[in-house]
Amino acid sequence: MASGTDALLHRRHPWIGRAVLDNETGRRGILRAVAPLPESTRPVAWLRPSGGGREWTTSLGALSDPAPITPPHPPGTP
């Protein structure tokens, strides 16, 4: 991964796994990956609804408002 990509042309992004706003559609979804569509080399954001459902793509510039990173357990619990 010398250039920050893998064999599937996935790219790293600090918001992967977090809920984000897609400003192109107005929908919120979980950022699953940053990778090109099969017919392109330009990377796009791959999102899915937080409750499950059909995945969609949007431009990277359309992403905003990432959910905060939270610890796996509330403070003070084992």
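**Thr58 and the sheet around it**

Start at Thr58, which lies in strand β4, residues 56-58. Strands here are DSSP runs of E, at least two residues long, numbered from the N terminus. A word on the source: this is a predicted model, where local features need pLDDT of at least 70, side-chain atom pairs count only at pLDDT 80 or more, and totals for chains, interfaces and linings use all residues. Residues are numbered from 1 along each chain as its sequence is written, and side-chain values use heavy atoms, with hydrogens and water left out.

Is Thr58 buried or exposed? Buried, at a relative accessible area of 4%; the cut-off for buried is under 20%, with a 1.4 Å probe and protein chains only.

What does Thr58 touch, beyond its neighbours within four places in sequence? Asp22, Glu24, Val44, Ala45, Leu47 and Leu63. Contact means heavy atoms within 4.5 Å. Two of these are side-chain polar contacts: Thr58 to Asp22 at 2.9 Å, and Thr58 to Glu24, also 2.9 Å. A polar contact is an N or O pair within 3.5 Å; within protein, one atom must be able to donate a hydrogen and the other to accept it, and residues adjacent in sequence count only if both atoms are side-chain atoms.

Now the sheet. It is open, with 5 strands in the order β4-β3-β2-β1-β5, paired antiparallel. β4 and β5 (63-64) are at the edges with a single partner strand each, so one side of each has no neighbour in the sheet. Pairing takes at least two DSSP bridges. β1, residues 19-22, pairs with β5 over 2 bridges. Leu21 stands opposite Ser64 in β5.

Note on methods: Helices (H or I, at least four residues) and strands (E, at least two) are DSSP runs, numbered from the N terminus. Buried means under 20% relative accessible area, exposed over 50%, partly exposed in between (1.4 Å probe, protein chains only).
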